[in-house]
Amino acid sequence: MGKWSVYRRKADPGAINDNVPLIRYLNINGKTSETNAVGDVTFYKGESSQQSNCTITLNGSEIKIVAGSTSWTVSVYQADKDNFVFGSSSLLYFSKPAN
């Protein structure tokens, strides 16, 4: 839960291009069930930034974030009150609580 601000990304060469939506903020507002939550996500795609409502589904150590026609399925590597690290083997997001 909470608002998370991505402060760093670690990507393998070629993992990012103008067609890959990159998360900047993930705000998880509230749970709708034991494995589902709602919130909003701010992301970049190319030169434009978008904010959209989203649903978040937890499945083991994976989460799926769906914002309209854009979605991400990522693994969670660390989640505590100070750090939230998520992504894939080719693109990791490092985030901290946003003020």
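Reader: Leaving aside neighbours within four places in sequence, which residues is Lys96 in contact with?

Author: In this predicted model, Lys96 is placed in strand 8, which covers residues 91-97. Once neighbours within four places in sequence are set aside, the contacts of Lys96 are Lys3, Trp4, Ser5, Tyr7 and Asp82.

Reader: Is Lys96 buried or exposed, or partly exposed?

Author: The relative accessible area of Lys96 is 42%. A buried residue has under 20% and an exposed one over 50%, with partly exposed in between. Lys96 therefore counts as partly exposed.

Reader: How far apart in space are Lys96 and Ala67, C-alpha to C-alpha?

Author: Along the sequence, 29 residues separate Lys96 from Ala67. In space, from C-alpha to C-alpha, the separation is 21 Å.

Reader: Which pattern does the protein follow along the sequence?

Author: The protein has 8 strands and 0 helices. Read along the sequence, the pattern is therefore written with strands, as β-β-β-β-β-β-β-β.

Reader: Where does Asp18 lie, and why does Asp18 count as exposed?

Author: Asp18 belongs to the loop between strand 1 (2-11) and strand 2 (22-31). Exposed means over 50% relative accessible area. Asp18 counts as exposed because its relative accessibility is 60%.

Reader: Which residues is Asp18 in contact with, leaving aside its neighbours within four places in sequence?

Author: Asp18 and Phe86 are 68 residues apart along the chain, and their C-alpha atoms are separated by 21 Å. Contact means heavy atoms within 4.5 Å. Beyond its neighbours within four places in sequence, Asp18 is in contact with Lys45 and Gly46.

Reader: What radius of gyration does the protein have?

Author: The C-alpha trace spans about 35 × 25 × 25 Å along its principal axes. A compact globule with 99 residues would have a radius of gyration near 13 Å. The protein agrees with this, so the value is 13 Å.

Conventions: Residues are numbered from 1 along each chain as its sequence is written. This is a predicted model: local features need pLDDT of at least 70, side-chain atom pairs count only at pLDDT 80 or more; totals for chains, interfaces and linings use all residues. Side-chain values use heavy atoms; hydrogens and water are left out. Helices (H or I, at least four residues) and strands (E, at least two) are DSSP runs, numbered from the N terminus. The radius of gyration is taken over C-alpha atoms; the globule rule is 2.2 Å times the number of residues to the power 0.38. Buried means under 20% relative accessible area, exposed over 50%, partly exposed in between (1.4 Å probe, protein chains only).
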